[in-house]
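Hi there,

Here is the structure I promised to pass on to you. Please open it next to this email and read along.

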Amino acid sequence: MNKLVRIVFAFVVVALIYYSMEGGKSDDYEKTVQAERAKKEDYLRTGSESPFVKSGEPMGELSYFPIDPAYKVNARVERIETRQVVRLGNSDGSVTNYLKYARLHFQLHGTDAQLIVLKPQFGVGYFLAFTDATSADDTYGGGRYLDIGEIKGDRHTLDFNLAYNPYCAYSADFQCPLPPKENSLAVKVEAGEKNYGK
């Protein structure tokens, strides 16, 4: 009997440690996302290139979906070796050229999905814009952006909790590239920033 009690007690202790550690990880993750959002909002209020600072208009409240770790996904990277130019339409009707760089393959809500990562034809960095089943409703109709950092190796993390609106969502005076057709997701991405002013 004593042996059984000791086993049950040990199991309970291990479970408590495990779940307390998982809870800590979750709290840390939420704080990280909130810090990124606060940094962006601070720049929108004070930055010299902010659409609000440039227009002199006060910044309204930004709204977000609840932070959900399920929207932080590990994607498989498929490099695009052949040079492929993509002509992206901009919100003002003009066109900008990009190069296809990689496809990111992942799952959301049990559904296979993929997004194309682009690089500027002349310049540095990566560009990832997408629409989904919330676009033009809960989220901006012109799509949202993700900053993804440098892509190394054959796996890369996408965190849709950090999806944000382009400047043209706040002001028609700004020109911003629209997502390529390949980056229209059929699923709802109920994560990240919502439509401004809604």
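Residues are numbered from 1 along each chain as its sequence is written, and side-chain values use heavy atoms, leaving out hydrogens and water.

The pLDDT (the predictor's confidence in each residue, from 0 to 100) averages 88 over the protein chain, and 87% of the residues score at least 70. Where pLDDT is low, the predicted coordinates should not be read in detail.

Now to the salt bridges (a side-chain nitrogen of Lys or Arg within 4 Å of a carboxyl oxygen of Asp or Glu): the structure holds seven. One of them joins K40 and E193, at 2.6 Å from N to O. K40 sits in helix α1 (residues 2–46) and E193 in the segment after β7 (155–159), 153 residues apart. (Helices, H or I of at least four residues, and strands, E of at least two, are DSSP runs numbered from the N terminus.) Both K40 and E193 are buried, where buried means under 20% relative accessible area, exposed over 50%, and partly exposed in between (1.4 Å probe, protein chains only).

E41 and R45 also pair, at 3.4 Å from N to O; they are about one helical turn apart because four residues separate them in helix α1.

Happy exploring!

How values were computed. This is a predicted model: local features need pLDDT of at least 70, side-chain atom pairs count only at pLDDT 80 or more; totals for chains, interfaces and linings use all residues.
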